[in-house]
Amino acid sequence: MKKLFLVYIVTFFFITPALKANSANDEIAIMDFDTFSPMLEKEDEYTYVINFWATWCAPCVREIPYFEKLHENYKDKNLRVILVSLDNPDHLDSRVIPFIENHNLKSEIILLDDVSANRWIPLVSEEWSGAIPATVIYNNSFRGFYEKEFKYDELEEIVLPLL
Amino acid sequence: MKSMFMFTLLALFSIGLLAEDGVGVGDRAPEFNLLNIDGNHVSLSDYDNARGVVVIFSCNHCPYVVAYEDRMIELHNEYAPQGFPVIAINPNDSIVVPADSYTKMIERAEEKNFPFDYILDADQTIFPQYGATRTPHVYLLENKGDHFEVAYIGAIDDNYRDAEAVEEPYLANAIEAIMAGERPDPEFTRAIGCTIKVQDE
């Protein structure tokens, strides 16, 4: 019995951190555009901030803390921030997950795995040339598209009136 | 007099808009004269003898460009002998991206043995005239005798990740169309790419 308890303790302490370290992976859904696209068309009480980024994109990496701050400040006020990574899915374990862990990202993260960009870029926005970073901000009464690098104040200026 | 003034204002405003939006298919291609990696300047008019030119806004650092470098080389090797050489133009500010400096362009061209001209839009005045927003961003130009006309704008093909899995080689198809005396279809495509890097104002 005592032995069993010990096994339990050992298991608990060794397995739990392993699970925790892996949790970022569990939270990242890899999806193609058609699976993802309903997130661009929600008709509920939330305001959505959907940012297209990649770990290799320097301006994206610069602005990600601002999206995180936005999420942190307004997650209780019907704001949802979704960070859509366009990284190569082969780099999920080697780059994307380490990036998420190193930056301690709390926002929802999706990896969009769909090479048919000529088809889906205009479905995100007709205004989008395809350069990243790019961001969609929308709710029931507003829709904005931004092919630019944001500063925090600029984000707040757009989002605050929507909450 | 007043209406003339308004007209001038409107005209200036339109030019401003045009400059911001760049060229579309069917428009006259803006001329350029930019420093090449070999130390010489290259102009669009230097290519007067070509049937067309494949202008690709490109750079060193962008992973999407890197994914396409070999395909850019192949396209040049395939189509330059048929009258459609590639010209790569680096539009990035090297203070923002040191990896895209003139020296690094020379290094990258040597590493990859670029068979095409690789020129630097050092004043960043050319890419806005074309309306380029990302790297890689292709402008296929057709020689109309006294000028070049934009015939196709967009992506190289429909799969940046895997050249073997390409279903539609947009650019190659567009070149073939022009050679056959037809209009490219599609004449405009989009792709994910890196923003063109400019300094904050």
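These legends go with close-up views of a predicted two-chain model.

Residues are numbered from 1 along each chain as its sequence is written, with chains lettered from A and ligands numbered from 1 in the order in which they are written. In this predicted model, local features need pLDDT of at least 70 and side-chain atom pairs count only at pLDDT 80 or more, while totals for chains, interfaces and linings use all residues.

**View 1. Chain A as a whole.** Chain A has six helices and seven strands; helices (H or I, at least four residues) and strands (E, at least two) are DSSP runs, numbered from the N terminus. Of the 163 residues in chain A, 33% are buried.

**View 2. Strand β4 of chain A and its two partners.** Strands count as paired if DSSP finds at least two bridges between them. Strand β1 (residues 29-31) of chain A runs parallel to β4 (residues 108-112) of chain A, with three bridges, and M31(A) sits opposite L112(A). Strand β3 (residues 79-85) of chain A also pairs with β4(A) in the parallel sense, over four bridges; there, look for L83(A) across from I109(A).

**View 3. A β-α-β unit in chain A.** Follow β3(A) into helix α4 (residues 92-102) of chain A and on to β4(A), and you have traced a right-handed unit. Right-handed means that, with the strands pointing away from the viewer, the path from the first strand over the helix to the second runs clockwise.

**View 4. Chain B as a whole.** Chain B carries five helices and nine strands, in the order α-β-β-β-α-β-α-β-α-β-β-β-α-β from the N terminus. Buried residues come to 42% of its 201 residues.

**View 5. Where the chains touch.** Each side brings its share to the contact: 15 residues from chain B and 15 residues from chain A. Two residues are in contact if their C-beta atoms, placed from the backbone, lie within 7 Å. On the chain B side, strand β9 (residues 193-195) gives the most, with three residues.

View 6. Strand β5 (residues 131-132) of chain A lines up with β9(B) in the parallel sense, over two bridges. Zoom in on I132(A) and you'll find C194(B) opposite.

Technical notes: A residue is buried if 20 or more other C-beta atoms lie within 10 Å of its own, exposed if 12 or fewer, and partly exposed in between; C-beta atoms are placed from the backbone.
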